[in-house]
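Here's a quick tour for anyone meeting this structure for the first time. Have a look at the sequence and the model, then go through the notes topic by topic.

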Amino acid sequence: MSAQRIVSGIQPTGDLHLGNYLGAIRRWVRMQDALPPGGSAFYFLADLHAITVQNDPAKLRGAVREMAATLIAAGIDPTRSTLFNQARIPAHAELGWLLNCTARMGWLNRMTQFKEKSGKDREGASVGLFAYPVLQAADVLLYQATHVPVGEDQKQHLELARDIAAKFNNDFGEEVFTLPEPLVSEEAPRVMSLRDGSAKMSKSDPSDMSRVNLTDDPDAIAQKFRKARTDAPPLPDDPALLEDRPEARNLVRLYAALEDGSASDVLARFAGQGFGVFKPALAELTIETLRPIRARLQTLLADPGEIDRQLRDGAERAAAAAEPTLNRAYQVLGLHRR
Ligand code: TYM
């Protein structure tokens, strides 16, 4: 059994929201804190992925630093985890290219995220957006990831990464890549929008009212929950009765995830109550959970030079860790690299 190697990434676009936090980042932190002997964790800002759609260079420059600060504020410790931004490490783009030659058009044609993001304008989408999942495969295979903690929306991409790794190993007759295991959050696999229970909470939703950002102040959080879409009936005593009430179910699940409990526990307390009682309680719990993160973030953002230093340091360690696998991949392909 190889040692645990955790790898995961987040796009530095917009603010980190409650979906990212409960679906992925809180798990990153917990896995970092519980690393077994010999284990290691690599967490990165996927800035090369961020340019696959419309890009504002001035915003991206600041966003990488801010997202790194938010991750640190949320509990990622750059001395225990390797924290870096993808663009500093050419090996990601290099392995991405090599794997483009292993991945099949038919596999990528099945990716639902490409279909969602390209929408009705497939012909006008960038080639980068189409090849996005191959770069994502490179991100994890480069480090011999064993476990990749993600939200449910990334599961298909990780399954593709496994297929690419298996085909590459098989085509060239060598175990160059470890097959990574996606770990989807059990308590918050898919946090939904506060405005629409059928859409996921997302950084790219044009309405800021659809999500709670980790940077939101208490008043903003209270207002977002007050205005969150719901239905009229009071809360039931059984989670099964929320099945066809997507907005109510989302809020109950959010409460449960925030307090690390189950929907049944939440309903045991709130059954028979309306949203006039439940929403302020949920807002309060969210505000208290995010309060220390916001406070740490403000301190960190006061010293941007220190964040940049930490990112450069992380990139150095990541580049060294990536080197042997990249070399091996070039070699088995018959390419001269060095
Ligand atoms: P991104 O930036 O969209 O999201 C970062 C992480 O947050 C999870 N997530 C959610 N979980 C629950 N509910 C939600 N509403 C929600 N929204 C987002 C995502 O599943 C993800 O785990 N392609 C990736 C970034 C990436 C990556 C990688 C991830 C690039 N390379 C390699 C893992 C491994 C993305 O766009 O995530």
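Q144 sits in the loop between α7 and β4 (helices, H or I runs of at least four residues, and strands, E runs of at least two, are DSSP runs numbered from the N terminus). Before going further, note that this is a predicted model, where local features need pLDDT of at least 70, side-chain atom pairs count only at pLDDT 80 or more, and totals for chains, interfaces and linings use all residues. Residues are numbered from 1 along each chain as its sequence is written, and side-chain values use heavy atoms, with hydrogens and water left out.

**More on Q144, and a residue like it**

- Q144 isn't a glycine, yet its phi is positive, at about 55 degrees.
- Most residues other than glycine have a negative phi.
- Q144 counts as partly exposed because its relative accessibility is 25%; the bands are buried for under 20% relative accessible area, exposed for over 50%, and partly exposed in between, using a 1.4 Å probe and protein chains only.
- D260 also isn't a glycine, and its phi is positive, near 60 degrees.
- You'll find D260 in the loop between α10 (246-258) and α11, and it counts as partly exposed at 48% relative accessibility.

**Two domains**

- The protein chain splits into domain 1 (5-189 + 303-332) and domain 2 (208-299), with bounds that come from an automatic or database domain assignment.
- Taken over C-alpha atoms, the centres of domain 1 and domain 2 are 29 Å apart.
- How many residues of each domain are in contact with the other? It's 16 residues of domain 1 with 16 residues of domain 2, where contact means heavy atoms within 4.5 Å.

**The nonpolar cores**

- A nonpolar core here is a set of buried Ala, Val, Leu, Ile, Met, Phe, Trp, Tyr and Cys residues joined through side-chain atoms within 4.5 Å.
- The largest one has 59 residues, and L18, I25, L71, F225, L254 and F278 have the most contacts inside it.
- Domain 1 (5-189 + 303-332) and domain 2 (208-299) both give residues to this core, so it lies between them.
- There's also a second, separate core of 43 residues, which includes A91, A145, V150 and A318.
- Leaving out residues up to four places away in sequence, F278 touches L235, L251, V252, Y255, V266 and F270.
- In soluble globular proteins, nonpolar side chains tend to be buried together.

**Around the ligand**

- The ligand has 27 residues around it, and those that come nearest are Y132, D139, D153, V191 and K203; a residue is counted if one of its heavy atoms lies within 4 Å.
- At least two residues of this shell come from each of β1 (5-10), α1 (18-33), α7 (127-141) and β4 (147-150).
- A polar side-chain atom of D153 is 2.4 Å from a ligand oxygen atom, and one of K203 is 2.7 Å from a ligand oxygen atom.
- G19 uses its backbone instead: an N or O atom there lies 3.2 Å from a nitrogen atom of the ligand.
- On its own the ligand exposes 710 Å², and the protein buries 96% of that (accessible areas come from the Shrake-Rupley method with a 1.4 Å probe; for residues, only the protein chains shown count as cover).

*The touches below don't count residues up to four places away in sequence.*

- T325 lies in helix α13 (residues 304-333) and is buried, with a relative accessible area of 7%.
- G38 is in the loop between α1 and β2 (40-45), and it counts as exposed because its relative accessibility is 63%.
- G38 touches A3 and Q4, while its C-alpha atom is 35 Å from that of W107, 69 residues apart along the chain.
- Q273 is in the loop between α11 (263-270) and α12 (275-301), and it's partly exposed at 32% relative accessibility.
- Q273 touches P234 and L235; Q273 and P236 are 37 residues apart in sequence and 8.4 Å apart in space, C-alpha to C-alpha.
- D196 is in the loop between β5 (181-184) and α9 (218-227), is partly exposed at 28% relative accessibility, and touches R229 and E247.

Note on methods: Polar contact = N/O pair within 3.5 Å; in protein donor to acceptor, adjacent residues only side chain to side chain.
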